[in-house]
Amino acid sequence: METGAGKTSKPLDLRGVKVHRGYLDPVEQAQIVARLREVVAAAPLFSPQTPYGKPMSVKMTSAGKYGWFSDRRGYRYVDRHPSGTPWPPIPEEILAVWRELVSTERMPDCCLVNFYGEGARMGLHRDADEADFSWPVLSISLGDEGRFRVGGLERGGSTESLWLESGDVLVMGGAARLIYHGVDKIRFGASALLPQGGRINLTLRVVD
Ligand code: SIN
Ligand code: MN
């Protein structure tokens with residue numbers, strides 16, 4: 001397997017999004033997956049409803065002070081899982097990536113866990129439900145490859161895409177903090193990290 005550039009080399013720049021190829025090695029990826037199994041045991045994955053009433057194809061849960069949620073009332077952050085239990089803490093192995101690439105002073109309020117099974121995708125959108133856009137969003141990809149698409153700061157216009165692999169880490173900050181992005185499709189079963197297949201994306205966000 002071709003391995004990425006790791007922690008030492010300069011990130012690629014995709015319209016202002018910093019792409020750290022192969023930032024996490026396979027051992028680190030497996031450690032994070034083991035911690036995520038604990039998160040999902042405490043706060044099971046669910047399919048949020050879009051404001052239009054359709055379930056999203058991506059399953060989600062969260063860790064941290066807040067979790068991202070959606071239903072007919074719209075997109076927002078909530079302090080509890082739909083079951084009523086508080087979100088579990090963000091695992092230390094995940095916070096370590098934030099410390100290395102974003103800040104040691106301010107920790108994220110939310111780690112959104114997205115699970116893409118076969119056929120799941122995410123349409124172009126901006127991460128704009130936070131009260132504070134001065135901190136970047138950090139995104140970790142694990143498992144099957146996903147084709148990540150980025151546009152501009154407005155809807156419409158040209159886009160470009162990049163296949164994200166397990167262990168790749170993105171930082172969307174500065175002028176790219178509110179860039180349109182989405183995931184067109186995944187190569188289900190392409191990675192051996194998750195025995196049942198699928199792609200996990202973690203996004204760490206400062207919410208307020
Ligand atoms: C997201 O925008 O919340 C997810 C992005 C990704 O899955 O890479
Ligand atoms: Mn997003």
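Here is a quick briefing on the fold and overall build of this protein.

This is a predicted model, where local features need pLDDT of at least 70, side-chain atom pairs count only at pLDDT 80 or more, and totals for chains, interfaces and linings use all residues. Residues are numbered from 1 along each chain as its sequence is written, and side-chain values use heavy atoms, with hydrogens and water left out.

**Overall build**
- The protein has 2 helices and 13 strands (DSSP runs numbered from the N terminus: H or I of at least four residues for helices, E of at least two for strands).
- Its radius of gyration, taken over C-alpha atoms, is 16 Å, close to the 17 Å that the globule rule (2.2 Å times the number of residues to the power 0.38) gives for 208 residues, so the protein is as compact as a globular protein of that length.
- Buried residues (under 20% relative accessible area, 1.4 Å probe, protein chains only) account for 50% of the 208.

**The sheet**
- Seven strands form an open sheet with antiparallel pairing, in the order β1-β2-β11-β8-β13-β6-β3; strands pair if DSSP finds at least two bridges between them.
- β1 (12-14) and β3 (59-64) sit at the edges with a single partner strand each, so one side of each has no neighbour in the sheet.
- Strands β8 (residues 137-143) and β11 (residues 169-172) run antiparallel and are joined by 4 bridges.
- Leu-138 has Val-171 in β11 as its bridge partner.

Technical notes. Chains are lettered from A and ligands numbered from 1 in the order in which they are written.
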